[in-house]
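Visitor: Could you take me through this structure feature by feature, giving the general idea and then the case at hand?
Guide: Gladly; let us look at it together.

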Amino acid sequence: MPQDIASIDPDWAWSPFVPSTEQPWNRRLAAHLCRRAGFGASSQELDALVKRSPSELAHSFVENAKAASQRDPETDALASAMLATGNSRNLAAWWLYRMLNSPWAGDQASTTNPLLEKLTLFWHGHFATGAEKVDDAEMMFTQNRLLRRHALGDFGAMTQEISRDPAMLIYLDSTTNRKAHPNENYAREIMELFCLGEGNYTERDIQELARCFTGWEVRRKKFRFNRYQHDTGAKTILGETGTFTGEEGVEIVLKQKALPRFIARKLVRFFIFDEPTAPEQLVEPLAKLLRRSELQIGPVIERILASNIFYSPFAVGRKVRSPVELGIGLLRCLHGSSNLDQVAQHLDDIGQAVFYPPNVKGWDGGRTWINTSTLLGRSNLVGELLRNEATRFGGQTLETLAKKNGVSSPGKLIEWLDELLLAVPLDDSARKELLAFAEQTTGNPSRRIAELIQTLSTVPQFHLA
Amino acid sequence: MYRRLMAMALLCGLIITAIGHTNAFAQPDLDAGERSAVELLPASCLAVAQMPHPDRLLTTLTEHNVWKKIQEQPQYTEAISNPGYMMFLGIRTHIETQIGMKWREAYDTILGGGITIAFEPETEGIVALVRATDAAKLQSTAKTLIELGRADARSKGNEPLPEDEYREITIYGKKDGRFAIVGPWLVMSNKDDLGKKVLDTLIDGSRASINDNEKFAAAHKSINGEPTIWSWVDLATIRDSGFAKGLDKNQTENPIAELLVGGVLTNLRQTPYVTASFYVSGEATRLEFAAPHDNEWVEEFREYWFGPDSAGSADPALETESTILSISTYRKVSEMWLRAGDLFDERMNDELAKADANLTTFFAGKDFGEDVLGSFGPAMQVLVNRQSFDDVLPKPALKLPSFALAGHLENAAESQTELRRTFQSMVGFLNVIGAMQGNPQLDQDIDIYKDNKIYTASFVPEPDEKESERARIQFNFSPSLAFAENRFFIASTKQMAKELVDAAQNEQTTRGETSNTAIKLNAEALGEILSDNRDQLVAQNMIKKGQTREESAAEIGLLLEVLSLFEGMTFDVKTTGGELKLELAIQTKN
């Protein structure tokens with residue numbers, strides 16, 4: 001196994017992981033897969049998943065997610081009910097409900113899937129659009145459906161659609177774009193943040209691409225092309241010249257060589273490690289796969305989730321849990337349910353309000369999730385989730401859940417929680433301290449378990465994924 | 001859990017123990033059973049509450065349809081299968097065996113003669129008098145329970161129930177709570193001095209009792225029917241002693257509170273006493289507050305609330321079958337607005353002055369208090385109806401009730417023109433705001449309905465929204481203004497305006513004729529609108545409790561089923577027969 005990221009052999013990195021005596025396939029690794037591909041898994045789910053091979057799981061996760069993405073969530077009665085109130089804040093609770101209640105071993109008719117929700121969250125951060133400015137729940141929901149529909153599909157189609165998405169255009173102040181004064185906002189963001197990254201375009205490219213988007217407007221919450229305001233003159237974008245329309249301008253951006261590398265690097269950061277920046281040679285095989293598959297996302301995700309590097313020490317425990325991963329992850333692992341309005345509010349307090357990304361760059365992620373104020377907030381979130389009167393664990397108390405999982409002593413409790421909740425096992429001293437704490441506490445058994453988990457949340461490993 | 005159950009059992013035990021220990025000590029020869037509870041209470045009592053027939057109350061409750069329905073619910077079955085409840089049943093059976101009576105018989109025997117509780121300011125004590133229907137059974141039961149309680153205390157290493165003696169009567173308990181049994185009476189008090197006063201009356205016979213208090217006697221004499229619980233409070237003495245300082249305040253900072261209960265405060269500042277009567281029957285539960293009322297007490301600035309000679313009367317509510325809530329009241333709002341300086345504090349007066357200026361502008365320079373509110377008659381109604389969307393498209397996803405304000409115009413010919421113009425301005429204003437926010441626009445129209453004009457405005461759907469069954473919330477509204485002779489109706493929908501025109505013509509006068517304020521909630525219509533929005537309620541429940549759809553649907557189903565057991569609720573304020581009366585009633589289906 002390579003010693004550092006810079007010296008990783010890309011062939012080894014992206015080859016399928018084959019369990020061995022040195023690194024057997026077990027519940028801990030299955031838990032790692034579920035944390036990264038979704039938001040964690042309960043003990044019972046891990047029991048079922050560990051019976052299948054890592055490659056088989058990666059393939060079925062992607063196939064199930066793709067199937068779920070094509071089922072129209074418009075029929076989701078919960079979403080309709082939330083939309084009827086017209087409040088985007090209620091939509092956050094709806095999305096958290098999907099994240100929490102999507103089954104790993106879902107039936108074929110399921111419209112929810114943990115990987116699908118995880119990728120939708122990824123694209124929500126990528127094509128960041130904030131409800132505060134859009135101020136319309138229906139439009140935010142429509143964009144969310146768009147992201148979900150294309151989450152594992154054609155990146156090109158997703159980019160074309162998001163370019164005409166009313167919520168996106170409102171967010172980027174592009175509700176009117178007249179030929180006399182082309183609005184450069186969207187042209188800049190599509191190249192800098194959505195497709196190519198800095199250094200792969202010029203200011204002139206932005207100005208020319210902006211001319212392609214002239215005549216694109218939002219009227220009464222719908223996209224409209226005003227042909228009288230479209231600049232029909234010749235434009236030169238990224239080396240190509242012609243009387244391009246907006247769609248043709250987007251197509252030119254999508255054809256750039258920098259695009260697959262840009263997207264692949266973001267996916268590596270999201271699924272494998274926060275730091276350091278992935279070296280070029282490590283990203284290149286994924287970029288090639290993305291280009292070869294005509295920008296289909298699904299095959300890249302499958303390659304990542306089945307790879308050697310995904311199960312290596314370069315990945316395990318090398319990411320900081322986002323607030324959503326922390327909160328929803330805790331509930332999922334403990335088979336929990338809670339008041340999701342309040343959960344959404346708590347997630348907002350520690351820096352991740354879904355539907356409300358901080359700016360057009362989305363959430364920075366990584367180390368930025370943790371600072372002196374959010375660290376306390378994260379521990380409070382854990383405590384609040386465990387003690388909230390609406391919280392149930394498999395419809396029961398924590399004590400009953402632990403008993404169902406064969407937990408009969410403080411030692412076994414720590415062992416069970418360690419495997420279920422932590423990406424990196426506790427070291428001996430932390431384990432001893434927790435055991436001493438567990439043996440000292442008295443009173444209601446559920447409360448004692450809750451106190452132990454909250455104490456566990458003060459251990460650094462708890463915040464790693 | 002076991003400890004809690006033991007504590008409950010012991011509590012029952014101690015009460016009954018107190019009762020039953022009488023034959024264990026020498027007792028004076030008393031005719032205690034001949035006196036009524038009020039004859040035993042000191043004349044200085046400030047508050048008295050009586051429940052003459054606790055046995056009847058329990059019978060009514062246990063035979064009530066609502067209780068039977070609750071027993072049919074799976075949650076009830078689950079609760080009584082709980083190990084804690086089973087343990088409680090075991091303990092109860094043990095006690096029943098010891099006292100030789102089923103719990104129900106013990107309850108009826110020991111409490112059957114009534115319960116009376118009083119507060120006495122001199123001692124700051126509370127005394128409770130419980131009268132048994134069978135003194136011998138009371139004593140034997142109490143004796144057994146005292147022994148059981150003491151044995152239990154000893155087994156746990158606790159101090160057994162202590163006892164003392166007062167004028168040859170055994171007193172049980174500690175300083176902050178003692179009891180004694182005298183004939184059929186169980187006397188309990190938290191203050192020794194008060195307990196002794198009652199025992200002295202029991203031993204010595206005639207003494208001045210609360211019955212000699214004129215205010216109490218007058219109130220007691222005027223008891224209406226047979227209340228399950230009746231209580232009396234000597235308000236004059238409370239006021240004179242400096243308590244209830246809040247009643248001295250003339251001004252408030254809350255106009256809504258002033259509108260609702262301003263007149264009640266006027267009464268409470270003068271009335272000598274207040275009574276509360278609680279009635280429970282198979283058909284209804286009713287709580288009635290009554291206080292003597294004299295028109296002389298009404299300050300000039302509160303005449304807007306009572307009307308001339310305190311005879312201001314609300315109109316009969318313009319109810320239809322779909323009415324969920326009706327509030328009909330007598331309030332001369334214009335007078336209240338103009339007397340704001342007397343009624344509200346400085347801050348609220350500043351706020352009202354700003355509102356007055358803005359509203360005067362909105363009503364095209366008409367003085368809001370004098371001209372606009374002054375054009376309304378004092379009888380006003382607010383009505384909330386369930387909407388039917390059966391034949392309507394687009395249907396909103398969230399189905400809200402319609403609502404309306406109904407009243408009379410003092411000068412109909414002139415006022416109608418002003419109201420119509422203001423309504424049209426308002427619709428124009430809403431259209432400007434709506435256009436800025438991308439909301440649908442209102443289209444104005446005039447409808448002639450049964451010779452009455454209805455000025456209406458309907459939201460215009462987008463072409464792809466015309467047939468929607470999950471349309472935006474705006475499609476709950478079609479703001480309308482209707483006139484019928486000197487009546488006006490400002491309704492949230494055209495349909496409701498028509499319903500009110502119909503109701504006014506039919507002159508439905510089922511209730512409220514003599515009420516100052518009459519509020520009625522119709523449980524059936526409320527249940528229907530909740531059913532209309534069942535999906536929304538289930539979704540909210542899923543989000544708030546994190547439950548599955550099935551669990552949430554079951555919970556909402558139970559809520560609707562419980563609601564279906566009720567007819568509704570009424571609240572009336574009346575000033576008749578020299579009394580101010582507030583009556584709250586909940587009607588059930590039995």
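Guide: We begin with a pair of helices in chain A, where H15(A) passes H16(A) in a right-handed crossing; please keep in mind throughout that this is a predicted model.

Visitor: How should I read the geometry of such a pair?
Guide: In general, two packed helices are described by the angle between their axes and the distance between the axes. Here the axes of helix H15 (residues 258–271) of chain A and H16(A) come within 8 Å and cross at roughly 120°. Angles over 145 degrees count as roughly antiparallel and those from 65 to 115 as roughly perpendicular, and the value for this pair therefore makes H15(A) oblique to H16(A).

Visitor: Which residues make the contact of H15(A) with H16(A), and how do they divide by class?
Guide: From H15(A) come A:Pro260, A:Arg261, A:Ile263, A:Ala264, A:Arg265, A:Leu267 and A:Val268, while H16(A) supplies A:Val283, A:Leu286, A:Ala287, A:Leu290 and A:Arg291. Sorted by class, this contact has nine nonpolar, no polar and three charged residues.

Visitor: At what angle do the axes of H16 and H17 of chain A cross?
Guide: The axes of helix H16 (residues 280–292) and helix H17 (residues 297–305) of chain A cross at roughly 150° and come within 8 Å, and H16(A) and H17(A) are therefore roughly antiparallel to each other. H16(A) passes H17(A) in a right-handed crossing, with the contact made by A:Leu286, A:Leu289 and A:Leu290 on the side of H16(A) and by A:Pro299, A:Val300 and A:Arg303 on the side of H17(A). By class, that contact has five nonpolar, no polar and one charged residues.

Visitor: What should I look for in the backbone itself?
Guide: Most residues other than glycine have a negative phi, and most peptide bonds are trans. Against that background, the peptide bond from A:Glu275 to A:Pro276 is cis, with omega near -10°, and A:Pro276 sits in the loop between H15 and H16 of chain A. In chain B, a cis peptide bond with omega of about -5° joins B:Leu393 and B:Pro394, and B:Pro394 is placed in the loop between strand S12 (376–385) and strand S13 (402–409). As for phi, A:Phe355 has a positive value near 80° although this residue is not glycine, and A:Phe355 lies in the loop between H19 and helix H20 (372–387) of chain A.

Visitor: How many residues does each chain bring to the contact between chain A and chain B?
Guide: Chain A brings 20 residues and chain B brings 14 residues. On the side of chain A, the elements giving two or more residues are helix H5 (77–84), helix H6 (88–101) and helix H19 (340–349), with the largest share, seven residues, coming from H5(A). By class, the side of chain A that touches chain B has ten nonpolar, six polar and four charged residues.

Visitor: Where are the domains of chain B, and how far apart are their centres?
Guide: The domain assignment gives domain 1 (2–27 + 41–212) and domain 2 (314–513) of chain B, and 57 Å separate the centres of these two domains, taken over C-alpha atoms.

Terms used
Residues are numbered from 1 along each chain as its sequence is written. Chains are lettered from A and ligands numbered from 1 in the order in which they are written. This is a predicted model: local features need pLDDT of at least 70, side-chain atom pairs count only at pLDDT 80 or more; totals for chains, interfaces and linings use all residues. Domain bounds come from an automatic or database domain assignment. Axes are lines fitted to C-alpha atoms, for helices over the stretch in contact, and angles run from 0 to 180 degrees between N-to-C directions. Helices (H or I, at least four residues) and strands (E, at least two) are DSSP runs, numbered from the N terminus. Angles under 35 degrees count as roughly parallel, over 145 as roughly antiparallel, 65 to 115 as roughly perpendicular and the rest as oblique. A crossing is left-handed if the near helix is turned anticlockwise from the far one by less than a right angle, and right-handed if clockwise. Two residues are in contact if their C-beta atoms, placed from the backbone, lie within 7 Å. Ala, Val, Leu, Ile, Met, Phe, Trp, Tyr, Cys and Pro count as nonpolar, Asp, Glu, Lys and Arg as charged, and the others, Gly among them, as polar.
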